[in-house]
Number of protein chains: 2
Amino acid sequence: MAEKVTIATVARHARVSRQTVSNVLNAPHIVREETRLRVQDAIRALGYRANQAARQMRTGRSRLIAARIEPTRDGINGSVLDRFLHGLTETADAAGYRVLLYTATDDEREIATYDDLLGTYELDAFVLVGTKYGDPRTAWLAGRDVPFVTFGRPWDALDAHPWVDVDGAAGTAQATRHLLASGHRRIAFLGWPLGSGVGDDRRAGWRDALRAAGIDPTGLHRETEDGIAEGERLMRDLLVTVAPTAVVCASDSLALGALQAIRGVDPPVSVIGFDDTPVAAAVGLASVSQPLGEAAARCVDLLTGVLDGNHETPTHVLLQPALALRHTA
Amino acid sequence: MAEKVTIATVARHARVSRQTVSNVLNAPHIVREETRLRVQDAIRALGYRANQAARQMRTGRSRLIAARIEPTRDGINGSVLDRFLHGLTETADAAGYRVLLYTATDDEREIATYDDLLGTYELDAFVLVGTKYGDPRTAWLAGRDVPFVTFGRPWDALDAHPWVDVDGAAGTAQATRHLLASGHRRIAFLGWPLGSGVGDDRRAGWRDALRAAGIDPTGLHRETEDGIAEGERLMRDLLVTVAPTAVVCASDSLALGALQAIRGVDPPVSVIGFDDTPVAAAVGLASVSQPLGEAAARCVDLLTGVLDGNHETPTHVLLQPALALRHTA
């Protein structure tokens, strides 16, 4: 049997102090990335295994976080949350945490699942995806002092809890300004029914960019449930009523529908989607791209900050999207 | 405080015996789906929570299974495993299991992760995705008597361990026969380098279908690493060397590349991909569709069978794919 690998062995191998190895194991977010990677490589190379039970007693942590996987949907917009989940698993891993999956079809069942998970496993925290006005899920967790972070803002009260989000309004504003700069003036918007935080935010970016350019947005937007068929239907309506020369959409699904509707229209109508899904890349659809890997990493940062009681960690992170330009715009 | 909810309460509510409730909790695969759903609804409605610690002692189970999430890739073929993971989480949930995620970039690190996970958590079993000749991961798990099931065949020895797979050769044969029935004779194949179990299997289906129709497949196939650019390059080569009228591809990525290459070719070349990804649906690419939800459910069935020591459960499940016909074929 080989000599037992200890923290000291790892420290020697990675040319760092024992405290640094301990930090990588217990508070990885305070260790510089380069150092953390070197220590993690040494841990792997040497086959070091921290005694989890001992560590859990010391830190009071299971190092297990729960995240929701969405029920299977159309595979277009759903892919956004899949990419977030990939990033979350990778960064949680690097920070010494594992992700436990759950799924739920509505809020009530999701809350029942929290209750079940908390009763069954020693969870450290939850990562919630998607937020909305009056979200009963965050209220339930906050009421029980369960640590959590959301990917998405608490739309009612931005200080309610730690969150990471992407600035959707900045994304649609950027898309709209790009179209304005290309000479478009009648730029429409295809979005979701009024009253959803995310949908209203994306609509506001388009509206404000038009107003800033001295253009009245009245009558230039349409609202529908998300989906390719819905996008096609409303785009046909826009074509016959306001004849826009370009359209900004709240999702790639709506934008794909708009592309169907404008087939054969001459001159071609420009279309920009939202989320830069693999489908958008494949069909050449310009789209607003969310930094999903970074969002996941910042969620893990926030969580480790919360769990460590580090009150200097910022608790709200608003990331900027980018415009992926392709031949539809 | 409300009356304590017991198994008897659930049984009364769901109009089943206490044994049936117990079966839903401990061996759900032996309960008819309709009954299982009714009991699960009653469990949720009543807020019944089985005492996990007691159940674990009784069954020796943590009811935790580990599954890999792939590192983020091109978002096209990766979506297949995402869909599998959705199905796995949903069916595992219905069977009373939770899914713990891990990620790994190569076999060595994946095995190191097994070691870490087994040392850290009380795992019941692993679900592995992707299999290949001489797979070191399955050898490692089998050598330690860790229960596992693979989505993918053990290509060296079909009886090596429990598995669920989709019959890829049947899928490409079906695609080829469809093209033959449409009058095509010079049907090419775009696939992966020789020596991969999955790739060779998909090539064999095309080859055997051609031979059965009295056509010599020699010279009609090309091999490359997966990717849109690679597919486009090899399809251009096929066009100038053998001028096929149709092509069957080992993946949707290769097929999307083939579509780029044939743009403007007249008469149009028919293209069929593999995996029926959301991108295929969006661009109208005909593709072989894998029953991923069923594959995930059968993996959970096999696992519960293995964990229950139920030796009557079949340990190998080969599912049939279907051809999703769209305008490219």
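This is a predicted model: local features need pLDDT of at least 70, side-chain atom pairs count only at pLDDT 80 or more; totals for chains, interfaces and linings use all residues.
Student: By what rotation is chain B superposed on chain A?
Tutor: Two copies of a chain are related by a rotation about an axis and a shift along it. Here the shift along the axis is 0.1 Å, and the superposition of chain B on chain A has an RMSD of 0.2 Å. The two copies are thus related as by a two-fold rotation axis, the rotation being 180°.

Student: What percentage of the contact residues of chain B recur in chain A?
Tutor: The two copies use the same surface for their contact. The share of chain B contact residues that recur in chain A is 100%.

Student: At what angle do helix H8 and helix H9 of chain B pack?
Tutor: Two packed helices are described by the angle between their axes and the distance between the axes. For H8(B), residues 168-181, and H9(B), residues 197-212, the axes lie 7 Å apart and the angle is about 35°.

Student: Is Asp165(A) buried or exposed?
Tutor: Asp165(A) belongs to strand E5 of chain A, and its contacts beyond four places in sequence include Phe151(A), Trp155(A) and Leu318(A). Because its relative accessible area is 9%, under the 20% cut-off, Asp165(A) is buried.

Note on methods. Residues are numbered from 1 along each chain as its sequence is written. Chains are lettered from A and ligands numbered from 1 in the order in which they are written. Side-chain values use heavy atoms; hydrogens and water are left out. Copies are superposed by least squares on the C-alpha atoms of residues with pLDDT of at least 70 in both. Contact means heavy atoms within 4.5 Å. Axes are lines fitted to C-alpha atoms, for helices over the stretch in contact, and angles run from 0 to 180 degrees between N-to-C directions. Helices (H or I, at least four residues) and strands (E, at least two) are DSSP runs, numbered from the N terminus. Buried means under 20% relative accessible area, exposed over 50%, partly exposed in between (1.4 Å probe, protein chains only).
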